[in-house]
Amino acid sequence: SFNGLWNNYPYFASGTIIGSDIEKGLFVWRLGDPELSFSYPNGTPNLIPAQGGSFIVEIKTAAGITVQSGSPKLRYDTGAGEVVVDLVPLSGNQYRADVPPLPCGTTYRYYVTARSSSGLTARDPSTAPVAAYDAAAGTEQIVAFDDDMELNNGWTVGAPGDTANSGLWVRADPVGTAAQPEDDASPDGTVCWITGNASPGAGVGTADVDGGATTLTSPVLDALAESGIAVLQYSRWYSNDQGAAPNADSMPILISNNNGSTWTQLELVTANERAWVEKSFRIDEFVTPTSQMRVRFVARDEGSGSIVEAGVDEVRITFLNCAPPPPEFCNGDADGDLDRDFADITA
(Lines give C-alpha, C1' and ligand atoms only; values in the text may rest on other atoms or scores of the structure.)
Protein backbone atom coordinates (compact mmCIF):
# COMPACT_ATOMS: atom_id res chain seq x y z
CA SER A 1 0.00 0.00 0.00
CA PHE A 2 2.98 2.32 -0.41
CA ASN A 3 2.23 5.69 -2.04
CA GLY A 4 4.88 8.21 -2.99
CA LEU A 5 8.40 8.43 -4.33
CA TRP A 6 10.09 5.07 -4.85
CA ASN A 7 13.55 6.31 -5.72
CA ASN A 8 15.50 9.40 -6.69
CA TYR A 9 18.83 10.24 -8.32
CA PRO A 10 20.58 13.53 -7.43
CA TYR A 11 24.02 12.84 -8.92
CA PHE A 12 23.87 14.21 -12.48
CA ALA A 13 26.65 16.68 -13.25
CA SER A 14 24.02 19.11 -14.54
CA GLY A 15 22.42 19.37 -11.10
CA THR A 16 19.14 17.95 -12.40
CA ILE A 17 17.39 15.58 -9.98
CA ILE A 18 14.95 12.88 -11.04
CA GLY A 19 12.49 10.85 -9.01
CA SER A 20 10.24 7.90 -9.83
CA ASP A 21 6.68 7.65 -8.49
CA ILE A 22 4.81 4.43 -9.35
CA GLU A 23 1.49 6.30 -9.58
CA LYS A 24 2.47 9.67 -11.05
CA GLY A 25 5.49 8.83 -13.21
CA LEU A 26 8.80 10.65 -13.64
CA PHE A 27 9.53 13.92 -11.82
CA VAL A 28 12.36 16.24 -12.83
CA TRP A 29 13.68 18.95 -10.49
CA ARG A 30 16.46 21.48 -10.25
CA LEU A 31 17.73 22.50 -6.80
CA GLY A 32 18.38 26.16 -6.14
CA ASP A 33 16.85 29.60 -6.38
CA PRO A 34 14.33 30.10 -9.20
CA GLU A 35 15.75 31.51 -12.40
CA LEU A 36 12.63 33.63 -12.89
CA SER A 37 10.26 35.02 -10.27
CA PHE A 38 7.11 37.10 -10.66
CA SER A 39 5.64 40.02 -8.75
CA TYR A 40 2.85 42.51 -9.33
CA PRO A 41 3.65 46.11 -8.30
CA ASN A 42 -0.05 47.02 -8.23
CA GLY A 43 -1.27 43.60 -7.07
CA THR A 44 -3.02 40.80 -8.93
CA PRO A 45 -6.37 42.19 -10.06
CA ASN A 46 -9.59 40.37 -9.32
CA LEU A 47 -11.62 42.86 -11.36
CA ILE A 48 -10.82 43.94 -14.94
CA PRO A 49 -12.92 46.53 -16.79
CA ALA A 50 -15.35 44.85 -19.18
CA GLN A 51 -14.07 47.06 -22.00
CA GLY A 52 -10.57 45.65 -21.44
CA GLY A 53 -7.81 46.55 -19.04
CA SER A 54 -4.19 46.00 -18.05
CA PHE A 55 -1.96 45.21 -15.11
CA ILE A 56 1.79 45.22 -14.54
CA VAL A 57 3.90 42.06 -14.21
CA GLU A 58 7.49 42.25 -12.98
CA ILE A 59 9.82 39.35 -13.85
CA LYS A 60 13.01 39.16 -11.81
CA THR A 61 15.94 37.04 -12.97
CA ALA A 62 18.72 35.20 -11.16
CA ALA A 63 22.34 36.19 -11.73
CA GLY A 64 23.45 35.42 -15.30
CA ILE A 65 19.89 34.72 -16.46
CA THR A 66 17.71 36.71 -18.85
CA VAL A 67 14.15 36.36 -20.06
CA GLN A 68 13.77 34.92 -23.53
CA SER A 69 12.35 37.56 -25.84
CA GLY A 70 8.69 36.98 -26.66
CA SER A 71 8.25 34.27 -24.03
CA PRO A 72 6.28 36.17 -21.33
CA LYS A 73 2.59 35.33 -21.71
CA LEU A 74 -0.72 35.95 -20.01
CA ARG A 75 -2.93 32.87 -20.12
CA TYR A 76 -6.60 33.07 -19.19
CA ASP A 77 -9.65 30.83 -19.47
CA THR A 78 -13.30 31.90 -19.31
CA GLY A 79 -14.44 28.28 -19.56
CA ALA A 80 -14.12 27.90 -23.32
CA GLY A 81 -10.42 26.99 -23.38
CA GLU A 82 -7.15 28.76 -22.71
CA VAL A 83 -6.38 32.05 -24.49
CA VAL A 84 -2.74 33.18 -24.71
CA VAL A 85 -1.77 36.86 -24.88
CA ASP A 86 1.78 38.24 -25.23
CA LEU A 87 2.99 40.44 -22.37
CA VAL A 88 4.09 43.87 -23.65
CA PRO A 89 7.66 44.82 -22.58
CA LEU A 90 7.96 48.08 -20.64
CA SER A 91 11.07 49.55 -19.05
CA GLY A 92 13.43 47.42 -16.99
CA ASN A 93 11.97 44.06 -16.00
CA GLN A 94 8.34 45.13 -16.18
CA TYR A 95 5.69 43.97 -18.64
CA ARG A 96 2.09 44.96 -19.30
CA ALA A 97 -0.60 42.28 -19.36
CA ASP A 98 -3.49 43.35 -21.59
CA VAL A 99 -6.87 41.71 -21.04
CA PRO A 100 -9.15 42.16 -24.08
CA PRO A 101 -12.79 43.22 -23.74
CA LEU A 102 -15.00 40.55 -22.20
CA PRO A 103 -18.75 40.51 -21.56
CA CYS A 104 -19.52 42.16 -18.24
CA GLY A 105 -20.03 39.48 -15.60
CA THR A 106 -17.56 37.04 -17.19
CA THR A 107 -15.52 35.17 -14.59
CA TYR A 108 -12.18 33.73 -15.58
CA ARG A 109 -8.90 32.33 -14.26
CA TYR A 110 -5.46 33.54 -15.32
CA TYR A 111 -1.75 32.98 -14.81
CA VAL A 112 1.50 34.14 -16.40
CA THR A 113 4.47 32.25 -17.84
CA ALA A 114 7.95 33.08 -19.15
CA ARG A 115 11.01 31.17 -20.30
CA SER A 116 14.55 31.79 -19.04
CA SER A 117 17.64 32.04 -21.23
CA SER A 118 18.63 28.54 -20.04
CA GLY A 119 15.34 27.13 -21.37
CA LEU A 120 13.36 26.67 -18.15
CA THR A 121 9.72 27.74 -18.14
CA ALA A 122 8.43 29.44 -15.01
CA ARG A 123 4.82 30.15 -14.19
CA ASP A 124 2.88 32.01 -11.56
CA PRO A 125 1.18 30.57 -9.60
CA SER A 126 3.86 27.88 -9.66
CA THR A 127 1.30 25.05 -9.91
CA ALA A 128 -0.67 26.68 -12.75
CA PRO A 129 -2.92 25.85 -14.49
CA VAL A 130 -4.18 23.78 -11.53
CA ALA A 131 -3.89 26.88 -9.37
CA ALA A 132 -4.60 30.26 -10.95
CA TYR A 133 -5.77 33.76 -10.11
CA ASP A 134 -9.50 34.48 -10.31
CA ALA A 135 -10.91 37.63 -11.88
CA ALA A 136 -14.12 39.01 -13.29
CA ALA A 137 -15.05 41.55 -15.96
CA GLY A 138 -16.97 44.55 -14.66
CA THR A 139 -16.61 48.07 -13.30
CA GLU A 140 -17.12 47.40 -9.58
CA GLN A 141 -17.00 44.34 -7.32
CA ILE A 142 -18.74 44.33 -3.94
CA VAL A 143 -18.04 41.54 -1.44
CA ALA A 144 -21.27 40.78 0.43
CA PHE A 145 -20.22 37.54 2.17
CA ASP A 146 -16.66 36.45 2.93
CA ASP A 147 -15.96 33.38 5.07
CA ASP A 148 -12.36 32.26 5.65
CA MET A 149 -13.59 29.56 8.08
CA GLU A 150 -11.53 30.88 11.00
CA LEU A 151 -14.89 31.05 12.82
CA ASN A 152 -17.93 28.81 12.37
CA ASN A 153 -20.44 31.09 10.70
CA GLY A 154 -23.31 28.61 10.63
CA TRP A 155 -22.07 25.72 8.49
CA THR A 156 -23.69 22.36 9.22
CA VAL A 157 -22.44 18.79 8.85
CA GLY A 158 -24.79 16.00 7.82
CA ALA A 159 -27.76 15.58 5.48
CA PRO A 160 -30.42 12.93 4.81
CA GLY A 161 -28.75 9.95 3.16
CA ASP A 162 -25.31 10.45 4.72
CA THR A 163 -23.83 7.11 5.78
CA ALA A 164 -20.10 7.79 6.13
CA ASN A 165 -18.64 6.32 9.31
CA SER A 166 -15.25 8.02 9.02
CA GLY A 167 -13.86 11.24 7.62
CA LEU A 168 -16.85 13.41 8.47
CA TRP A 169 -16.41 17.14 7.85
CA VAL A 170 -14.58 18.99 10.64
CA ARG A 171 -13.41 22.59 10.89
CA ALA A 172 -9.72 22.41 11.77
CA ASP A 173 -6.13 23.24 10.94
CA PRO A 174 -5.47 20.32 8.55
CA VAL A 175 -2.73 17.76 9.11
CA GLY A 176 -1.07 17.06 5.78
CA THR A 177 -0.85 13.63 4.18
CA ALA A 178 -0.36 12.41 0.61
CA ALA A 179 -4.10 13.04 0.15
CA GLN A 180 -4.90 15.92 2.51
CA PRO A 181 -3.50 19.49 2.56
CA GLU A 182 -1.11 20.66 5.26
CA ASP A 183 -2.43 24.23 5.12
CA ASP A 184 -5.73 25.93 4.46
CA ALA A 185 -6.32 28.08 1.37
CA SER A 186 -6.24 31.44 3.17
CA PRO A 187 -3.10 33.58 2.88
CA ASP A 188 -3.46 34.72 6.51
CA GLY A 189 -5.50 31.93 8.13
CA THR A 190 -5.02 28.37 9.36
CA VAL A 191 -8.49 26.79 9.53
CA CYS A 192 -10.71 25.24 6.88
CA TRP A 193 -13.35 22.53 6.61
CA ILE A 194 -11.71 19.17 5.96
CA THR A 195 -12.89 15.53 5.82
CA GLY A 196 -11.41 14.11 9.00
CA ASN A 197 -8.10 15.04 10.57
CA ALA A 198 -5.62 12.43 11.76
CA SER A 199 -2.61 12.85 14.01
CA PRO A 200 0.72 13.84 12.42
CA GLY A 201 2.49 10.81 10.96
CA ALA A 202 -0.67 8.73 10.55
CA GLY A 203 -1.18 6.71 7.38
CA VAL A 204 -2.73 8.26 4.28
CA GLY A 205 -5.98 6.37 4.80
CA THR A 206 -6.46 7.40 8.43
CA ALA A 207 -9.64 9.48 8.97
CA ASP A 208 -10.48 9.67 5.27
CA VAL A 209 -14.08 9.30 4.11
CA ASP A 210 -15.34 5.72 4.45
CA GLY A 211 -18.71 4.00 4.22
CA GLY A 212 -20.68 6.50 2.17
CA ALA A 213 -21.23 10.27 2.01
CA THR A 214 -20.63 13.18 4.36
CA THR A 215 -22.23 16.54 3.57
CA LEU A 216 -21.21 20.11 4.43
CA THR A 217 -23.87 22.81 3.97
CA SER A 218 -23.40 26.56 4.12
CA PRO A 219 -25.47 29.03 6.11
CA VAL A 220 -28.10 31.00 4.18
CA LEU A 221 -26.45 33.30 1.62
CA ASP A 222 -28.09 36.41 0.20
CA ALA A 223 -27.65 36.77 -3.56
CA LEU A 224 -29.83 39.88 -3.61
CA ALA A 225 -27.98 41.88 -0.95
CA GLU A 226 -26.46 44.24 -3.53
CA SER A 227 -27.18 45.32 -7.07
CA GLY A 228 -25.30 43.68 -9.92
CA ILE A 229 -24.43 40.13 -10.96
CA ALA A 230 -24.14 37.72 -8.02
CA VAL A 231 -21.06 35.44 -8.12
CA LEU A 232 -20.27 32.50 -5.83
CA GLN A 233 -16.57 31.86 -5.16
CA TYR A 234 -14.86 29.15 -3.12
CA SER A 235 -11.62 27.20 -2.77
CA ARG A 236 -11.85 23.42 -2.75
CA TRP A 237 -9.53 20.45 -2.26
CA TYR A 238 -10.21 16.95 -3.56
CA SER A 239 -8.10 13.79 -3.61
CA ASN A 240 -9.16 10.32 -4.72
CA ASP A 241 -6.11 8.84 -6.45
CA GLN A 242 -4.48 7.07 -3.49
CA GLY A 243 -4.93 3.53 -2.15
CA ALA A 244 -6.14 0.32 -3.70
CA ALA A 245 -9.15 1.69 -5.62
CA PRO A 246 -8.13 5.08 -6.99
CA ASN A 247 -10.47 7.38 -8.96
CA ALA A 248 -13.58 5.42 -7.97
CA ASP A 249 -15.51 8.35 -6.50
CA SER A 250 -16.47 11.99 -7.10
CA MET A 251 -17.61 15.05 -5.14
CA PRO A 252 -20.82 16.85 -6.18
CA ILE A 253 -21.08 20.54 -5.29
CA LEU A 254 -24.65 21.81 -5.24
CA ILE A 255 -26.50 25.11 -4.94
CA SER A 256 -30.02 25.89 -3.72
CA ASN A 257 -32.06 29.08 -4.03
CA ASN A 258 -34.88 27.98 -1.69
CA ASN A 259 -33.07 27.34 1.59
CA GLY A 260 -32.24 23.75 0.66
CA SER A 261 -35.63 22.47 -0.50
CA THR A 262 -34.16 21.62 -3.93
CA TRP A 263 -30.60 21.46 -5.21
CA THR A 264 -28.86 22.10 -8.56
CA GLN A 265 -25.38 20.78 -9.35
CA LEU A 266 -22.67 23.39 -9.83
CA GLU A 267 -19.90 20.91 -10.62
CA LEU A 268 -18.93 17.27 -10.18
CA VAL A 269 -15.33 17.12 -8.99
CA THR A 270 -13.29 14.15 -10.20
CA ALA A 271 -9.85 15.66 -10.88
CA ASN A 272 -7.11 14.98 -8.35
CA GLU A 273 -5.14 18.23 -8.39
CA ARG A 274 -3.75 17.83 -4.84
CA ALA A 275 -3.99 21.61 -4.56
CA TRP A 276 -6.46 24.24 -3.46
CA VAL A 277 -8.50 25.16 -6.53
CA GLU A 278 -10.38 28.47 -6.69
CA LYS A 279 -13.73 28.40 -8.49
CA SER A 280 -16.16 31.16 -9.49
CA PHE A 281 -19.71 30.76 -10.78
CA ARG A 282 -22.33 33.27 -11.86
CA ILE A 283 -25.32 32.20 -9.80
CA ASP A 284 -27.87 33.21 -12.45
CA GLU A 285 -26.36 30.69 -14.88
CA PHE A 286 -27.57 27.88 -12.59
CA VAL A 287 -30.54 29.14 -10.57
CA THR A 288 -32.45 32.38 -10.05
CA PRO A 289 -30.63 34.40 -7.36
CA THR A 290 -32.62 34.84 -4.13
CA SER A 291 -31.96 35.79 -0.52
CA GLN A 292 -32.26 32.10 0.45
CA MET A 293 -29.16 30.58 -1.18
CA ARG A 294 -27.16 27.67 0.20
CA VAL A 295 -24.19 25.73 -1.17
CA ARG A 296 -23.42 22.09 -0.35
CA PHE A 297 -20.27 19.93 -0.66
CA VAL A 298 -20.74 16.14 -0.68
CA ALA A 299 -17.60 14.03 -0.16
CA ARG A 300 -18.30 10.35 -0.64
CA ASP A 301 -16.67 6.93 -0.70
CA GLU A 302 -19.08 4.55 -2.35
CA GLY A 303 -18.62 1.09 -3.84
CA SER A 304 -14.99 -0.05 -3.74
CA GLY A 305 -13.22 1.40 -0.73
CA SER A 306 -10.91 4.21 -1.86
CA ILE A 307 -9.11 7.05 -0.13
CA VAL A 308 -11.22 10.23 -0.33
CA GLU A 309 -10.16 13.55 1.17
CA ALA A 310 -11.81 16.92 0.56
CA GLY A 311 -11.59 20.48 1.84
CA VAL A 312 -13.48 23.79 1.59
CA ASP A 313 -12.26 27.31 2.34
CA GLU A 314 -12.64 30.97 1.33
CA VAL A 315 -16.34 31.04 0.38
CA ARG A 316 -17.61 34.39 -0.92
CA ILE A 317 -20.63 36.03 -2.50
CA THR A 318 -19.63 39.03 -4.62
CA PHE A 319 -21.62 41.35 -6.86
CA LEU A 320 -20.36 42.65 -10.20
CA ASN A 321 -21.51 46.08 -11.26
CA CYS A 322 -21.57 46.66 -14.99
CA ALA A 323 -22.35 50.39 -15.09
CA PRO A 324 -20.37 52.30 -17.75
CA PRO A 325 -16.99 53.48 -16.41
CA PRO A 326 -16.06 57.18 -16.26
CA PRO A 327 -14.14 58.64 -19.20
CA GLU A 328 -10.61 57.24 -19.36
CA PHE A 329 -8.97 60.67 -19.15
CA CYS A 330 -10.41 61.13 -15.65
CA ASN A 331 -8.02 58.64 -14.08
CA GLY A 332 -4.93 60.81 -14.67
CA ASP A 333 -2.95 58.15 -16.56
CA ALA A 334 -2.42 60.26 -19.68
CA ASP A 335 0.45 58.23 -21.14
CA GLY A 336 -1.16 54.83 -20.53
CA ASP A 337 1.67 53.28 -18.50
CA LEU A 338 -0.64 52.44 -15.57
CA ASP A 339 0.82 54.93 -13.11
CA ARG A 340 0.48 58.63 -12.39
CA ASP A 341 3.63 60.73 -12.46
CA PHE A 342 5.28 63.71 -14.15
CA ALA A 343 5.18 61.94 -17.51
CA ASP A 344 1.38 62.18 -17.42
CA ILE A 345 1.63 65.97 -17.09
CA THR A 346 4.01 66.08 -20.05
CA ALA A 347 1.68 63.88 -22.11
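Predicted model: local features only at pLDDT ≥ 70, side-chain atom pairs only at ≥ 80, totals over all residues.
Trainee: Let's start with Ser-218. Why is Ser-218 called buried?

Mentor: Its relative accessible area is 0%. You will find Ser-218 in the loop between strand 18 (212–217) and strand 19.

Trainee: Which residues does Ser-218 touch, leaving aside neighbours within four places in sequence?

Mentor: Ser-218 is in contact with Gly-154, Trp-155, Arg-294 and Val-295.

Trainee: And Glu-150, what makes Glu-150 partly exposed?

Mentor: The value for Glu-150 is 26%. The label covers what falls between buried, under 20%, and exposed, over 50%, so Glu-150 at 26% is partly exposed. Glu-150 sits in the loop between strand 14 (140–147) and strand 15 (156–157).

Trainee: How do you know that the side chain of Glu-150 makes a polar contact with Thr-190?

Mentor: A polar atom of that side chain lies 3.0 Å from the backbone nitrogen of Thr-190. The cut-off for such a pair is 3.5 Å, so the 3.0 Å between Glu-150 and Thr-190 is within it. Beyond four places in sequence, Glu-150 touches Thr-190 along with Arg-171, Asp-184, Gly-189 and Val-191.

Trainee: What about the inside: which residues have the most contacts in the largest nonpolar core?

Mentor: Leu-232 and Ile-283 do, in a core of 31 residues. Strands 19 (229–242), 20 (251–256), 21 (264–269), 23 (294–301) and 24 (307–321) each give two or more residues to this core. Strand 24 gives the most, with six residues. The contacts of Leu-232 include Ile-255, Leu-266, Ile-283, Val-295, Val-315 and Ile-317.

Trainee: How many residues are in the second core?

Mentor: This separate core has 24 residues, among them Val-99, Val-112, Ala-114 and Ala-137. In soluble globular proteins, nonpolar side chains tend to be buried together.

Trainee: Which backbone details are worth a look?

Mentor: Two cis peptide bonds, to begin with: Asp-124 to Pro-125, with omega near 0 degrees, and Ala-128 to Pro-129, with omega near 5 degrees. Pro-125 lies in the loop between strand 12 (121–124) and strand 13 (133–137), and Pro-129 is found in the loop between strand 12 and strand 13 too.

Trainee: And what is the phi of Asn-247 and of Asn-259?

Mentor: Phi is positive in each, at about 60 degrees for Asn-247 and about 65 degrees for Asn-259, though neither is a glycine. Most residues other than glycine have a negative phi, and most peptide bonds are trans. Asn-247 is in the loop between strand 19 and strand 20, while Asn-259 is in the loop between strand 20 and strand 21.

Trainee: Is Asn-259 buried, partly exposed or exposed?

Mentor: Its relative accessibility is 37%. That value lies between 20% and 50%, so Asn-259 is partly exposed.

Methods
Residues numbered from 1 in each chain as written. Heavy atoms only, no water. Helix = DSSP H or I, 4+ residues; strand = E, 2+ residues; numbered from the N terminus. Buried < 20%, exposed > 50% of the residue type's maximum accessible area, 1.4 Å probe, protein only. Contact = heavy atoms within 4.5 Å. Polar contact = N/O pair within 3.5 Å; in protein donor to acceptor, adjacent residues only side chain to side chain. Core = buried A, V, L, I, M, F, W, Y, C linked by side-chain atoms within 4.5 Å.
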